[in-house]
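Subject: Structure handover

Hello,

Here is the structure I promised you. Please open it alongside this email, and my notes follow below.

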Amino acid sequence: MTRPVLIAGAGIGGLTLALALAQRGLASEVFERASALDEVGAGVQLAPNASRILDELGLGPALDAVCCRPEGVVISDAPSGRALKTIPLGAAAERRWGAPYRVIHRADLQAALRDAVCATSSIRMTLAARVLRADDAPAGASLAVETAGERRTVDGSFVVGADGLRSVVRQAVKLPEAVRETGLVAFRAVLSAEALPDAFPLTHVSVWLAPGAHMVVYPVRAGREANVVLIGALGATTPGERVARWAAPPRALVAAAPRWTEWPLFDRAPAARMRRGRVALIGDAAHATLPSLGQGAAFAIEDAATLARVIGEGGPDPLAAYETARIMRAMRLPEASRRQIAIDHMGGLAARARNLALAAAPTSALLRGLDWIYDWRDG
């Protein structure tokens, strides 16, 4: 194969794909609209299904220099403050799923991927490049790109849309462009470790469940900071007002946050296709999902690994093989994430029943419920 794979988008999925292709001796060109790879956002959970792939790409040492490996997840009832269950991670996760569970600041993950891409001669990256259109042809595919006010067409072997929620490449796959409004918003903040109340140990991920909302807290930046995400219904109320009836520890944490950013949440209805001809989609461009299972970035990484493998194997229709390998799993995630957030946000008698069931459930049963996500292996 002489022509490179063309990748629209230099986010987590796009950069992972470029590295996975390079590992198989394949060249790629990455086009990114931003003029610098300064990732917005805060924390990312890299469950074993994602960590396994990144380790195979040689990124483990760079990630471990800046990430944390939590020992477990502590789930609590936010109104009462009562701990309901602790799910073990740490060494237990690595024994069960064959790879570590990491939590990391998004900017640190982006930097590790960027540095690896910049050190790889078979990857060419162009910033400040606006992708205008993707086109498919029997012998190849192309991107129309605008850089510095000039438009040009770049030819390649395949085109991959890693360009997120508002994907331009998705148009070439002939799928509906619209995302679904979920009616939910995520408030995000980063606190110093010193600002955290004692009820939030940086050795664990903390999950607090309440009627109509939930909050997740976990360490980033090698434990120097904590990432906080508060998810609830869209509305005019502030984070402090949303937790006014919660127990003292989460109220204190929310009050201690120096600044909140607000992100309306969207997802996509599952689609029965992820490609058309020589154009494929990965990550949010294919299957945007709610963050309730912590798998948005992880599934983009999975997509990238599978797509690089099938292109490298050189079969008669690699993108059809990619779609076959990924479609059922990709369709399952958005609906599973919606179900999970509905459970997390239960109120009244339903919440009481959920809490009793969670407290009584054997840990082994809860871990088995995660196997379909964390124990995934490509091929």
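How many bridges join strand β3 to β6, and do they run parallel or antiparallel? Four bridges join the two, and the strands run antiparallel. Strand β3 covers residues 43-46. Please keep in mind that this is a predicted model.

Start with β6, residues 102-105. Arg102 and Ile104 point one way from this strand. Val103 and His105 point the other way. In general, side chains in a regular strand alternate between the two faces of the sheet. All four of these β6 residues are buried. That includes Arg102 and His105. Across the pairing, Leu46 stands opposite Arg102.

Now the overall picture. The chain has 12 helices and 18 strands. The C-alpha trace spans about 60 × 45 × 35 Å along its principal axes. For 379 residues, a compact globule would have a radius of gyration near 21 Å, and the chain agrees because its own value is 21 Å. Buried residues make up 54% of the chain. Of the contacts with a separation of 6 or more, 73% are between residues 24 or more positions apart.

Next, the six-stranded sheet. The sheet is open, with mixed pairing, and its order is β7-β2-β1-β11-β18-β17. The edges are β7 (123-126) and β17 (275-276). Each has a single partner strand, so one side of each is left without a neighbour in the sheet. Further in, β1 (residues 5-8) pairs with β2 (residues 28-31). Their pairing is parallel, over four bridges. Val5 has Ser28 in β2 as its bridge partner.

Where does Ser121 lie? Ser121 is in the loop between α5 (106-118) and β7. Is Ser121 buried or exposed? Ser121 counts as exposed, because its relative accessibility is 80% and the cut-off for exposed is over 50%. Ser121 and Ala22 are 99 residues apart in sequence. In space, their C-alpha atoms are 8.7 Å apart.

Best wishes

Note on methods: Residues numbered from 1 in each chain as written. Predicted model: local features only at pLDDT ≥ 70, side-chain atom pairs only at ≥ 80, totals over all residues. Heavy atoms only, no water. Buried < 20%, exposed > 50% of the residue type's maximum accessible area, 1.4 Å probe, protein only. Pairing = 2+ DSSP bridges. Rg over C-alpha atoms; globule rule 2.2 N^0.38 Å. Contact = heavy atoms within 4.5 Å.
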